[in-house]
There are 2 protein chains.
Amino acid sequence: MWICPTEYECDETVTVAHGGGGRLMHELLADIIGPILDDEELCKSDDAAVIPQLLGALALTTDSFVVQPLFFPGGDIGSLAIHGTINDLAMRGARPLYITVGSIIEEGLPRNTLLSIFRSLASAARESGVRIVAGDTKVVERGRGDKLFLNTTGVGVVETELPITPTRIAPGDRIIISGDIGRHAIAVMAARASLNFRQPVLSDSTPLWATVRALLDTGSDIHAMRDITRGGLAAVVNECSQMAGCDITLEEDAIPITPAVRHASELLGLDPLHLACEGRFIVAVSEADSESVLEVLTTITPENGPSIIGIVNSTVGDGETPTKPRRNRVIMRTPFGGARYVGIPTGEVLPRIC
Amino acid sequence: MWICPTEYECDETVTVAHGGGGRLMHELLADIIGPILDDEELCKSDDAAVIPQLLGALALTTDSFVVQPLFFPGGDIGSLAIHGTINDLAMRGARPLYITVGSIIEEGLPRNTLLSIFRSLASAARESGVRIVAGDTKVVERGRGDKLFLNTTGVGVVETELPITPTRIAPGDRIIISGDIGRHAIAVMAARASLNFRQPVLSDSTPLWATVRALLDTGSDIHAMRDITRGGLAAVVNECSQMAGCDITLEEDAIPITPAVRHASELLGLDPLHLACEGRFIVAVSEADSESVLEVLTTITPENGPSIIGIVNSTVGDGETPTKPRRNRVIMRTPFGGARYVGIPTGEVLPRIC
């Protein structure tokens, strides 16, 4: 059974006064956040961090994190915020270098909770060689927030010659998935509803840059990469098909799903294709390069079961008029020889999973 | 009398489903936020924006905005978020170029409110030549947020040879203020408490980069700049004295405060030195260059009453042991020949003014 580590252990809490720019806020930053993040530039407390010139095109991404609860099996909002931002940069072929952290704290948050989350955040950043160079802290009154919201914004340097973006997806491309889907959503859901599965499902939250760099090292001409987050695999593949202007056909039995996630999904009435991950991605690459991409993924994380799950169809368009929406569909072939369309979920499948 | 523009006009609201990565979220982004922000890179909806290589050292800053109410005389959370981030970059002598926007929306926020705020945000960015290249939207349940929180993170290029930072402040430096203090805090306070002053106080929220660039053009060796935000002038000057390791003496009657702000402060029992601004800053510069800095400020915004308000003392240190805290004090000389210490406020003077 997974036990939430530190969330309610301490009487000492953050108050609105800690957000006021005065002495208490200086103490909060100097005593808790500064020493944990421990970055020379951050600790200067200047209005903005100054970093040396970067060589190459830059990638820039921002994400707010409102995951509830703050701690879940396999991670917490701190590590999640770092992984999420690293992964968005990695998906453009960019090496993550600098991250900024904005915190919106609800009055009453135990200081221990904050401490624990910032330790996790700092260690996730360090693990990926990313520096946290700027931060901001706001406190809102009790009932005007929900314990802690984080924003992380990342800057990276693009390390590819050709852009990596779904508009480069071409007919015949193979769609490769880096591993099994849905663990993050199920882990958060289980923590939220205090479900105790016999075999606990751990979040797949993980940084992806090292894996992406290894893929680039193969020399494969990767057309697109997308990490599978909100909306799940269904949303991500649909976005790719729309941006590329191509139908994409997936093979249902090629999509890796662990028995634990499959059973939990059935229990909760959820479609695994709609479940968010925080450490899985798809790659669109030409057929010629698809085997070397799969080989690298299989070498790095064989336990995740990377797999070629689909193909970009070569029949594009049907002479439609420009006013008629293009039919950029995602088609799922079932193991029984059938086929169905995969739509993007309408609204919220699982609220606040990131 | 100031009337809040659009906050409660519309029945159509944002729901949790809009934050789920599905069809409704795509509609929110495509229908409302995308067209208003209207940036080519943003509208590509890639995981991260890619921008061309930047020449020079970079400045990076992040800020979350939780101002309450969302609209106040002279501004709103949208323009405020842009100005705040531009100004933090400008204080390091950096030209603001790119901004990312993260939104945390509370379920039930009228779509019109969101529309109005994003219009204001987009127009503030355009006015300063800044591109909004990446964004993120989250929705939290009713009662778990407070209408709208924004995070803006900015990237700029440093346009000075020598670093601009309080550690470069030297004895003899003059402290120059760019204009009258406290209008932003009083404007927000008045809107929050529905106070109707005979003469309404408008927020001083404004972008400062153009002014800073004009100061740099004088060739003055500017040692430090700080915009006056949370904690007010008292906090900012204390931060400078601490970082510089010098006492700073201010002249009380040189500090520009409008009669309206002075009266409102008296009425509300507030010290104007603790009031936040969002478009005022102090400059620390050698005596030799102080007149040319003042001249530029007076040329650009004579109506704000820029003024030399203090001097960095030349008597530094007294042979204290390293374990004893340095006495880096801010001393205020009163018009009556007296003197007092100015501390930084302990906690929250006015919560959520930015």
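## Two domains, two chains

The C-alpha centres of domain 1 and domain 2 of chain A sit 29 Å apart. Those bounds, 7-158 for domain 1 of chain A and 166-341 for domain 2 of chain A, come from an automatic or database domain assignment. Before going further, a word on ground rules: this is a predicted model, where local features need pLDDT of at least 70 and side-chain atom pairs count only at pLDDT 80 or more, while totals for chains, interfaces and linings use all residues. Residues are numbered from 1 along each chain as its sequence is written, chains are lettered from A and ligands numbered from 1 in the order in which they are written, and side-chain values use heavy atoms, with hydrogens and water left out.

Chain A has a mean pLDDT of 92, with 93% of its residues at 70 or more; pLDDT is the predictor's confidence in each residue, from 0 to 100. The stretch to treat separately is 316-325 of chain A, where pLDDT stays under 50. For that stretch the model has eight contacts beyond four places in sequence, a contact being heavy atoms within 4.5 Å.

Back to the domains of chain A. Their area buried is about 1700 Å², and carbon and sulfur atoms give 63% of it; buried area here is the accessible area (1.4 Å probe) that two parts lose on being put together, summed over both. On the domain 1 side, A:P73, A:N87 and A:M91 lose the most area to domain 2 of chain A, together 33% of what that side buries. Between the two domains of chain A there are zero salt bridges, a salt bridge being a side-chain nitrogen of Lys or Arg within 4 Å of a carboxyl oxygen of Asp or Glu. What the domains of chain A do have is seven residue pairs in polar contact, both residues at pLDDT 80 or more. That term means a pair of N or O atoms within 3.5 Å; within protein, one must be able to donate a hydrogen and the other to accept it, and residues adjacent in sequence count only if both atoms are side-chain atoms.

Which elements of domain 1 of chain A give two or more residues to the side that touches domain 2 of chain A? They are β3 (71-72), α3 (77-90) and β5 (94-106) of chain A, where helices (H or I, at least four residues) and strands (E, at least two) are DSSP runs numbered from the N terminus. The largest share, seven residues, comes from α3(A).

Now step out to the pair of chains. Polar contacts across the interface of chain B and chain A come to 38 residue pairs, both at pLDDT 80 or more.

Over all chains, the structure holds 46 salt bridges. Within chain A, the side chains of A:R111 and A:E12 meet in one of 3.6 Å, N to O. A:R111 lies in helix α4 (residues 111-127) of chain A and A:E12 in the segment before α1 (23-37) of chain A, so this pair ties together parts that are 99 residues apart in sequence.

A few backbone details round out the tour. The peptide bond from A:Q68 to A:P69 is cis, omega near 5°, and A:P69 is found in the loop between β2 (58-65) and β3 of chain A. In chain B, the bond from B:Q68 to B:P69 is cis too, with omega near 5°; B:P69 has its place in the loop between β2 (58-65) and β3 (71-72) of chain B. Finally, look at A:K147, a residue other than glycine with a positive phi, near 70°. A:K147 is in the loop between β6 (131-140) and β7 (148-158) of chain A.
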